[in-house]
Amino acid sequence: MDFDVIFIGSGHASWHAAVMLSQAGKRVAIIEEDTIAGTCTSYGCDPKILLDGPFELKNQLRQYPGIINGDVDINWSALMDYKNKIINPLPVQLEQVFKAVGITIIKGHGQLTDKILWRLIQINILPRISLLPLVNILVD
Ligand SMILES: Cc1cc2nc3c(=O)[nH]c(=O)nc-3n(C[C@H](O)[C@H](O)[C@H](O)COP(=O)(O)OP(=O)(O)OC[C@H]3O[C@@H](n4cnc5c(N)ncnc54)[C@H](O)[C@@H]3O)c2cc1C
């Protein structure tokens with residue numbers, strides 16, 4: 001299969017560009033070995049914000065002693081269920097977006113195998129040239 005652009009990894013660093021390029025008519029593929037959407041969506045920013053929310057609220061309430069009385073009890077198990085309910089569907093939803101805009105998703109471990117490519121990265125001329133003739137990508 002031929003592509004104009006192949007991204008290794010489906011995190012924020014790649015998927016925004018992948019969607020734009022695909023919408024601009026390029027043949028785009030994303031190789032992902034874990035969950036679609038990367039760290040921020042499944043393990044990082046988004047889960048952190050959801051899990052942190054009740055504790056931030058609790059800390060705010062503590063700033064009003066004598067005005068707001070009593071302590072807030074956070075149900076960790078219910079909070080995890082809430083986090084999972086919001087976060088777990090996101091990779092599937094994003095995968096549907098990728099497919100809808102014509103991006104091919106390849107599940108597996110992507111690897112650059114061309115030594116010339118690494119040299120080009122080192123001397124920082126990569127953005128100015130066409131990658132495709134130089135890249136040999138393995139997916140297992
Ligand atoms: C706990 C935590 C909280 C965070 N909170 C915030 C926040 O509040 N705000 C913020 O701006 N940032 C936050 N970050 C940072 C944010 O998650 C990262 O900056 C962002 O995810 C980086 O995006 P990326 O696409 O470069 O990498 P990633 O999101 O890590 O995506 C890389 C993807 O590539 C895949 N991959 C890697 N190698 C291969 C391979 N060889 N073949 C196939 N697939 C591969 C991985 O499986 C992964 O899905 C947080 C991070 C963590 C861990």
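Me: Why are α3 and α4 called roughly antiparallel to each other?

Reply: They pack at an angle of about 150°, with their axes 10 Å apart. Angles run from 0 to 180 degrees between N-to-C directions, and axes are lines fitted to C-alpha atoms, for helices over the stretch in contact. Angles over 145 degrees count as roughly antiparallel, so α3 and α4 get that label. Mind you, this is a predicted model: local features need pLDDT of at least 70, side-chain atom pairs count only at pLDDT 80 or more, and totals for chains, interfaces and linings use all residues. Residues are numbered from 1 along each chain as its sequence is written.

Me: Which residues make the contact between α3 and α4?

Reply: On the α3 side, Asp46, Pro47, Leu50, Leu51 and Pro54; on the α4 side, Leu79, Tyr82, Lys83, Ile86 and Ile87. Being in contact takes C-beta atoms, placed from the backbone, within 7 Å.

Me: What is the make-up of that contact by class?

Reply: There are 8 nonpolar residues, no polar ones and 2 charged. Here Ala, Val, Leu, Ile, Met, Phe, Trp, Tyr, Cys and Pro count as nonpolar, Asp, Glu, Lys and Arg as charged, and the others, Gly among them, as polar.

Me: What makes Ile6 buried?

Reply: Ile6 has 22 other C-beta atoms within 10 Å. A residue is buried with 20 or more such neighbours, exposed with 12 or fewer, and partly exposed in between, with C-beta atoms placed from the backbone. So Ile6 counts as buried. Ile6 lies in strand β1, residues 5-8 (a strand is a DSSP run of E, at least two residues; a helix is H or I, at least four; both are numbered from the N terminus). Across 23 residues of sequence, Ile6 and Ala29 end up 4.7 Å apart, C-alpha to C-alpha.

Me: And why is Val101 called partly exposed?

Reply: Val101 has 14 other C-beta atoms within 10 Å, which falls in the in-between range, so partly exposed it is. You'll find Val101 in the loop between α5 and β3. Leaving aside neighbours within four places in sequence, Val101 is in contact with Val19, Ser22 and Gln23.

Me: How many residues surround the ligand, and which are the closest?

Reply: The shell has 21 residues, and the closest are Gly9, Gly11, Ala13, Gly38 and Gly44. To be near, a residue needs its C-beta atom, placed from the backbone, within 6 Å. Elements giving two or more residues to the shell include α1, β2 and β4. By class, the shell has 6 nonpolar, 11 polar and 4 charged residues.

Methods
Angles under 35 degrees count as roughly parallel, over 145 as roughly antiparallel, 65 to 115 as roughly perpendicular and the rest as oblique. Two residues are in contact if their C-beta atoms, placed from the backbone, lie within 7 Å.
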